Amino acid sequence: MNVILAEAGNNPSGAGSMLFTIIWLVVIFVFMYFIMIRPQKKEQRKKELMLSEVAVGDTVLTIAGFYGTVIGIVDDTVIVEFGNNRNCRIPMQKAAISEVEKPEAATAAAEEKKDSKKESKKDSSK
């Protein structure tokens, strides 16, 4: 036992082991940054961009799972109309919106779907 303690006191490699520990901690922090922090910040920027582009007439999906149409925007508050009932208008924060669909995108997707159906009918009739 005394021999082990004596060798530990005479061994100058304690500084090398400290340097190795510091390098190992730096590697772990860099790994955590690229695996966890960077993707989260990227998603946050993407959501902020989406919320800044919300306009009147857009169809939105709330974090509660309701689809509605934006009928008014005041600062961070959005007034959303739900369903076919024109009397169901609810003010909510922009942060409560999880997805936005622009009216132009919805009509373009519907037209593309119709075109693909027409083409499949032409192919099946031949």
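# Close-up views of a predicted chain

**Figure 1. Overall fold.** Along the sequence, the chain runs α-α-β-β-β-β-β-α. That gives three helices and five strands, where helices (H or I, at least four residues) and strands (E, at least two) are DSSP runs numbered from the N terminus. The model is predicted: local features need pLDDT of at least 70 and side-chain atom pairs count only at pLDDT 80 or more, while totals for chains, interfaces and linings use all residues. Residues are numbered from 1 along each chain as its sequence is written, and side-chain values use heavy atoms, with hydrogens and water left out. Of the 126 residues in the chain, 13% are buried (buried: under 20% relative accessible area; exposed: over 50%; partly exposed: in between; 1.4 Å probe, protein chains only). The accessible surface of the chain is about 10500 Å², and carbon and sulfur atoms account for 61% of that area (Shrake-Rupley method, 1.4 Å probe; for residues, only the protein chains shown count as cover). Among contacts (heavy atoms within 4.5 Å) between residues at least 6 apart in sequence, 36% join residues at least 24 apart.

**Figure 2. Positive patch on the surface.** R38, K41, K42, R45 and K46 gather in a surface patch of positive charge. Patches take residues with over 30% relative accessible area and no salt bridge, joining like charges within 9 Å and nonpolar side chains (Val, Leu, Ile, Met, Phe, Trp, Tyr) within 5 Å. Lys and Arg count as positive and Asp and Glu as negative, with His and the chain ends not counted. Each charge is placed at NZ of Lys, CZ of Arg, CG of Asp or CD of Glu. R38 belongs to helix α2 (residues 14–52). R38 is partly exposed, because its relative accessible area is 48%.

**Figure 3. Salt bridges.** The count is two salt bridges, each defined as a side-chain nitrogen of Lys or Arg within 4 Å of a carboxyl oxygen of Asp or Glu. One joins the side chains of D58 and K102 at 2.9 Å, N to O. This pair links distant parts of the chain, 44 residues apart: D58 is in the loop between α2 and β1, and K102 is in the loop between β5 (97–101) and α3 (103–125). D58 is buried at 2% relative accessible area, whereas K102 is partly exposed at 26%. A salt bridge also joins the side chains of E81 and R89, at 3.1 Å, N to O. E81 is buried, with a relative accessible area of 8%.

**Figure 4. T62 and I63.** T62 is in strand β1 (residues 59–62), and I63 is in the loop between β1 and β2 (67–74). T62 counts as buried because its relative accessibility is 6%; I63, at 64%, counts as exposed. Leaving aside neighbours within four places in sequence, T62 contacts F82, M92, A96, I97 and S98. With residues up to four places away likewise not counted, I63 touches A95, A96 and S98. I63 and E99 are 36 residues apart in sequence, with their C-alpha atoms 8.5 Å apart in space.

**Figure 5. Backbone at D75.** D75 is not a glycine, although its phi is positive, at about 50°. Most residues other than glycine have a negative phi. D75 is found in the loop between β2 and β3 (77–82). D75 counts as exposed, because its relative accessibility is 67%.
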